[in-house]
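Here is a short note to read alongside the structure.

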Amino acid sequence: MSPTGTPETPNKPHTATEPRAASGTPDSGARSWLREHSEIGVGLLLLVLGVLVLTDALTMNVDIAQRGPVGPKTVPVVVGVGLIVVAVLLTLDVLRGGRGEAEGGEDIDLAEPSDWRTVLLLAGVFLGNAVLIGPLGFPVSGALLFWGSAYALGSRHYHRDPLIAAGLALVTYFVFNNLLGVPLPGGPLMGVL
């Protein structure tokens, strides 16, 4: 017993299973604050993107013949300003205590881990398309992109999927190349198409 009449607790060393006192390491307070306000990172990313878009738009060389009421700088400036405004509003909301709600899909089990196989297959398909679009052209690389994406997402119709992918790639090629005037590489099929 202490002189004041309260029972004394023996001094014992701190173990890893016991919680540390609130005055733990100075770094732990900063880490917990950052963990609770992690959405500020998204705001920072949006701010950086907005500044980059605005810088690029404002330093764009515009030919006098391209000027009009809405020139080529208009949309990038609007997008850049929008990104900066959203970044500031998001950061203010997070600092005032706002938190993003956890996503709750009706057929998604949020306790399940991520399906990294599908993510890696899709990343490989997109990377393969980027590599093959030059030598093979869009009709072939696009067909591989569409078929590979369908396969990565679970479709196992080995006779139907390649035909649909080839048709979709050809339609996309004609729409962009002929109707919209956006030239896509035709590859070896350039003379045939």
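1. Let us begin with Arg 160, which is partly exposed because its relative accessible area is 44%. On this scale, buried means under 20% relative accessible area, exposed means over 50%, and partly exposed is in between, using a 1.4 Å probe and protein chains only. Arg 160 has its place in helix 6. Helices (H or I, at least four residues) and strands (E, at least two) are DSSP runs, numbered from the N terminus. From the C-alpha of Arg 160 to that of Trp 147, 13 residues apart along the chain, the separation is 9.7 Å.

2. A word on the source before going further. This is a predicted model, in which local features need pLDDT of at least 70 and side-chain atom pairs count only at pLDDT 80 or more, while totals for chains, interfaces and linings use all residues. Residues are numbered from 1 along each chain as its sequence is written, and side-chain values use heavy atoms, with hydrogens and water left out.

3. Which residue forms a salt bridge with Arg 160? The partner is Asp 161, and the closest N and O atoms of the pair are 3.9 Å apart. The term salt bridge stands for a side-chain nitrogen of Lys or Arg within 4 Å of a carboxyl oxygen of Asp or Glu. Side chains of opposite charge can pair when their charged atoms come close. Asp 161 counts as buried because its relative accessibility is 8%, whereas Arg 160 is partly exposed. Searching the whole structure gives 1 salt bridge.

4. Now for the chain as a whole. The protein chain contains 6 helices and 0 strands, and its pattern along the sequence reads α-α-α-α-α-α. The chain has 193 residues, of which 17% count as buried. Among contacts in the chain with a separation of 6 or more, 55% come from residues 24 or more positions apart; contact means heavy atoms within 4.5 Å.

5. Helix 4 (residues 116-136) and helix 5 (residues 138-152) deserve a look together. They pack at an angle of about 175°, and their axes are 8 Å apart. Axes here are lines fitted to C-alpha atoms, for helices over the stretch in contact, and angles run from 0 to 180 degrees between N-to-C directions. Helix 4 and helix 5 are therefore roughly antiparallel to each other, a label for angles over 145 degrees. Helix 4 brings residues including Thr 118, Leu 121, Val 125 and Asn 129 to this contact, and helix 5 brings residues including Ser 141, Gly 142, Leu 145 and Ser 149. By type, the residues of the contact divide into 13 nonpolar, 6 polar and 1 charged. For that division, Ala, Val, Leu, Ile, Met, Phe, Trp, Tyr, Cys and Pro count as nonpolar, Asp, Glu, Lys and Arg as charged, and the others, Gly among them, as polar.

6. Thr 118 is found in helix 4 and counts as buried, at 15% relative accessibility. Thr 118 touches Ala 152 and Leu 153, not counting residues up to four places away in sequence. Asn 129, also placed in helix 4, counts as buried at 14%. Leaving aside neighbours within four places in sequence, Asn 129 is in contact with Ser 141, Gly 142 and Leu 145. Is Ala 130, by contrast, buried or exposed? At 54% relative accessibility, Ala 130 counts as exposed. Ala 130 lies in helix 4, with 9.8 Å from its C-alpha to that of Gly 142, 12 residues apart in sequence.

7. Helix 5 has 15 residues and reaches 20 Å from its first C-alpha to its last, close to the 21 Å expected at 1.5 Å a residue; the expected span is 1.5 Å times one less than the number of residues. Its buried residues include Phe 138, Pro 139, Ala 143 and Ala 152. What covers the buried residues of helix 5 includes helix 4 and helix 6 (160-179). Just after helix 5, Gly 154 takes a positive phi of about 115°.

8. Last, please look at Ala 169, whose place is in helix 6. Ala 169 is buried, with a relative accessible area of 0%. Not counting residues up to four places away in sequence, Ala 169 touches Phe 138, Pro 139, Gly 142, Ala 143 and Phe 146.

Technical notes
Parallel < 35°, antiparallel > 145°, perpendicular 65-115°, else oblique.
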